[in-house]
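Please look through the sequence and the model shown below before reading on. The briefing that follows is grouped by topic.

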Amino acid sequence: MRTINSELLAIMLESSANNLKNNKKAINDLNIFPVPDGDTGTNMSMTFGGALSSIEGNNGNCGEKVAALSKAALRNARGNSGVILSQIIRGLSNGVGKAEELSVVVIKEAAVMARKSAYDAVMKPTEGTILTVVRQIAEYAEKNYKKFDDADEFFYALVKRGNESLASTPDMLPVLKQAGVVDAGGKGVMVLLEGMEYALKNGVSIASDEADTASSTVVKAETDVDIKFMYCTEFIINKSSNKSADGFSAAIKNKGDCMLVIDDDDIVKVHIHTNHPGSVIEEAIKLGELTNLKIDNMKYQHEENALEEAETEKAEEKPQTPPEKYGFVAVSAGEGLTDVFKSLGANEIVEGGQTMNPSTQDILDAVEKVNAENVFILPNNKNIILAAEQVDALTEKNVFVLPTKTVPAGISAMMGFDGEAEPQDNVDNMMEMANGVTCGQLTFAARDTEVDGVEIHEGDIMGLSPKGIEIVGDDLKECAKELVDTIVTDESAVISVYYGADVSEEDANVLLSELEEKYSDLDVALYYGGQPIYYYIISVE
């Protein structure tokens, strides 16, 4: 009976990561919703690739390798698809156990446990998705494993069954059939498995299409010994097309100093010191999706470093400050929205949101910085909730994730906090406040598509409500007014408008005046949000 040893498994995992990296754009393009987001291929690639990089050099047996990968995947998980993938890997690890090599029986157990973990991770499983592919692979494995005595042949059969399952996903989800695509998450899983299959057949890994960083082309590099700009801003752009980064470099070159833009085929690595990181981010989004966003206030950083050096010996003798009873971590993008959360008592802000899904590790790091016994996490985006929910298992603190899907819901939740109440009472009260908010958002279409019979073209203005895409047009102000009409009810009392980085204060005030005139019996307020992607975020309560 032929088995798969640890050395070959290492090659298979590397091949999987490379295959997913090479195909992430194709997977992203399967996303049927036109709103720009942290796409499936990108999130799965960052989750798996990050996990694999963190266990580099692990020389353990198959069980030890997969266990290490599982632990690392959880910390690197980004977005819903990344979290589900991390749970699939967790199930694989449970199935492999302490096995030194992968036999037919071990592979069968791994497939079965992967199915269990994947379904356990999702509160309301939907068929025609990544879950279906994982389930049908497991069902085939359970039914047929006794027919095989060769692990290689068994694995090939599972890959074949997985592709058959993937091809059937449009028959289970009408929205996929309408768009003429298969499920993106399911495709991601099959790309991973096909990468492993390649290595199994050829004994070598699929090569990465991405050029080595050392051979990358530096588009522009500027340095200045005098620090004139406050914010050190770094991120990676996952390009949505083959466009050069030259135009981006030209657009931001006067926005700061110490600029470095490295165009590495389908990604662009960016570093700049600037006083307006939001404007740099807005230019970057025109080129593609953003990941690994990091913004540091260099003035504060310098002051903190100096203070830390001066107080090192005293700090060792000083007793630790007793923890507070409560603390908050909120996910936010946009300096105005961040200021709102801080004013309401948020201790730590995790930069992120649409197109920039923070990992579980990012959120965990923020939680660990909060000196409190009980920490509330507000994800403020439906694609970040799952990543946030993994934090509880990784920290000794009492963590409560409030599943807020929008920034206004998170703001409202914090307004419902009572410092004298017990933790669970606070969770209940805060979510009641959050659920009393109806949120509308104005953004642009990232691709041509058709939704519910409505043709949408790249660049169209879209008004989104909890029901989906409500408005499509080309006039931002008119679309905003129409969207408000759809979410205001007879019970509404307050309309709050947060304008983004792409909207001028003058234009926002024009919209405010027209809303005040139309809804004279309601309290209408305007705030600077500074958020990317969304021109306006509008809450009604």
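Helices (H or I, at least four residues) and strands (E, at least two) are DSSP runs, numbered from the N terminus. This is a predicted model, in which local features need pLDDT of at least 70 and side-chain atom pairs count only at pLDDT 80 or more, while totals for chains, interfaces and linings use all residues. Residues are numbered from 1 along each chain as its sequence is written, and side-chain values use heavy atoms, with hydrogens and water left out.

**The chain as a whole**

- The protein chain has 19 helices and 17 strands, and 54% of its 541 residues count as buried, where buried means under 20% relative accessible area, exposed over 50%, and partly exposed in between (1.4 Å probe, protein chains only).
- Of the contacts (heavy atoms within 4.5 Å) between residues at least 6 apart in sequence, 71% join residues at least 24 apart.
- The accessible surface of the protein chain, computed by the Shrake-Rupley method with a 1.4 Å probe and, for residues, with only the protein chains shown as cover, comes to about 25,100 Å², of which 48% belongs to carbon and sulfur atoms.

- Four strands form an open sheet in the order 7-6-8-9 with parallel pairing, two strands being paired if DSSP finds at least two bridges between them.
- Strand 7 (348-351) and strand 9 (398-401) are the edge strands, each pairing on one side only.
- From one strand to the next, the twist averages 20°, with axes taken as lines fitted to C-alpha atoms, for helices over the stretch in contact, and angles running from 0 to 180 degrees between N-to-C directions.
- Strand 8 (residues 372-378) pairs with strand 9 in the parallel sense over four bridges, and Val375 stands opposite Val399 in strand 9.
- Helix 13 (residues 335-343) packs on the sheet, where it touches strand 6 (324-332) and strand 7, and its direction makes about 170° with that of strand 6.
- Helix 14 (residues 360-369) also packs on the sheet, touching strand 6, strand 7, strand 8 and strand 9, and its direction makes about 170° with that of strand 7.

- Met415 is found in helix 16 (residues 407-415), and it counts as exposed because its relative accessibility is 57%.
- Thr169, found in helix 7 (residues 151-172), counts as buried because its relative accessibility is 0%.
- Leaving aside residues up to four places away in sequence, Thr169 touches Gly128, Thr129, Val133, Leu176, Val182 and Asp183.
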